[in-house]
Amino acid sequence: MSTENEGTAVPPAPSAPPVPVDAPAASAPQEHPAPTGDAPTTPIPPVPSGNPGGQEQELAHSGQTPASTPAYAAASAGGAPQGPHQGQPHGQYGQGSAPEGDWPPPAPPAVPSYADGGSGGAGSGWGTAYQQPAPKPRSGRGGLVAAILVAALVAGGLGGGLGYTLAKDNDTSSSTTVSASDSGGSVKRDPGTVAGVAAKALPSTVTIEAESSSGEGGTGTGFVFDTEGHIVTNNHVVADAVDGGKVTATFPSGKKFDAEVVGHAQGYDVAVIKLKNAPSDLKPLTLGNSDRVAVGDSTIAIGAPFGLSNTVTTGIISAKDRPVASSDGSGSNASYMSALQTDASINPGNSGGPLLDAQGNVIGINSAIQSSSGGGLGGTSQSGSIGLGFAIPINQAKYVAQQLIKTGKPVYAKIGASVSLEDGTSGAQITEQGASGSDAVEAGGPAAKAGLKPGDVITKIDDHVIDSGPTLIGEIWTHKPGDKVTITYERGGKNHTVELTLGSRQGDS
């Protein structure tokens, strides 16, 4: 039984006085009994006949309940603070305080006058003692009135008994208990809710396991791209299985399929695998338009973080066009992207999974996370999410996937110039010499035709600010070969602008 609202016991209010009639009552007025030892020393005045019953309820709940506190932060009601609960991972019990020494609280203050518009003066308030009217002289009609009242009571008793008997005889049910509904209401979820989006998208996602010929590998995620059995994922998810390895894809239903790598693009960090003996009921996820995504849009990420398949997390788009150069830590060539940034929880194993908008359209492929220094979970070298995840925009990934399905090799846009990959904020500087001793500016290439030279610092492509070489590469790769772009560059302390047409390069070599 809860004692949360218990205060000092309040005696019941006295009965209302009798209503005067034309003739005096048959008996003398009844005097109030003397107070007992348990009653208060000051008599409680009788309640007027018009009392709606609100005062008794107010007195019964005069003790104030403590304000609500966060979970696992309040002491037990009315007791001393509790110590930490064994095995509880978050917070401590007992941060509330025991009741003060003056508990229970004092009696409530005087109540304003009742419904008469008075100011609480004598004879108008609840606190005014009720004066019982003096009895009138007896008359012969008193006995008659009493007899009529007795007859009415007897008739009422007979009617009540008769009604009960008839109802009892006609009652054919075995119980009068009314059962409550077993259901707490409809659990139907609208398509636009996170649960609705997840329910529709999950059947079209897979958990990918990739092994090299030596047995090394890992777990990632992918999603159905078309009805032919093509699955889009990250390159680094399946890279170990490219040369003689093994790839499997498991659906949330538990159905597992062997697969093969159709093509992979290390620079874009996109890969396509194809299910062997693909089922006929595949439902590709709807692709959205990543160019129309806005900061603040809701996001839903699906993946297998740390091998926990079919995990759904939510967040928002926290930034766009974020330049990201990522790698798997093996020292191989990095991947560059102008990424969608999200605070939806993305962890190792989410890679390759879809990033959805609030309508369930794919707007990106989860690819990379910003890791805090010092490793993370359990002292391993892998860190968990810190709210900075990066996804390849789907408009770029779609183009890459289509090229991989068509030719098995990626196609990259290029300007035909080598730039420094050092981090900086002043722009992307064209180097004095290219890789392996080649020319920094490719002869006859787009940059050469536009008049760019070694030492020039590119600061903009169209309206996008370029602060470093990796940013320049990621931005160029958002375009397709043949696209025209406007380059802003600095030479000799002066800014210049030129238009060039992007060239193409096939393959990762």
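In which loop is Lys255 found, and between which strands?

A: The model is predicted, and what follows is computed from it. Lys255 lies in the loop that joins strand E4 (246-250) to strand E5 (256-265). With a relative accessible area of 52%, Lys255 counts as exposed, because the cut-off for that class is over 50%. Once the neighbours within four places in sequence are set aside, Lys255 is in contact with Ala249 and Thr250. A further reference point is Val206, 49 residues away from Lys255 along the chain, with 9.7 Å between the two C-alpha atoms.

Elsewhere in the model there is a barrel. Six strands close into it, in the order E7-E8-E9-E12-E11-E10, with antiparallel pairing. On average, neighbouring strands of this sheet are turned by 50° against each other, direction ignored. One of the pairings joins strand E10 (residues 354-356) and strand E11 (residues 362-369), which run antiparallel and share three bridges. Within E11, Val362 is the residue that stands opposite Leu356.

Helix H3 (residues 194-201) touches strand E7 (298-303), strand E8 (311-326) and E10, and the direction of H3 makes about 40° with that of E7. Helix H7 (residues 469-476) touches E8 and strand E9 (335-342), and the direction of H7 makes about 80° with that of E9.

Note on methods:
Residues numbered from 1 in each chain as written. Predicted model: local features only at pLDDT ≥ 70, side-chain atom pairs only at ≥ 80, totals over all residues. Heavy atoms only, no water. Pairing = 2+ DSSP bridges. Helix = DSSP H or I, 4+ residues; strand = E, 2+ residues; numbered from the N terminus. Axes fitted to C-alpha atoms, helices over the stretch in contact; angles between N-to-C directions. Contact = heavy atoms within 4.5 Å. Buried < 20%, exposed > 50% of the residue type's maximum accessible area, 1.4 Å probe, protein only.
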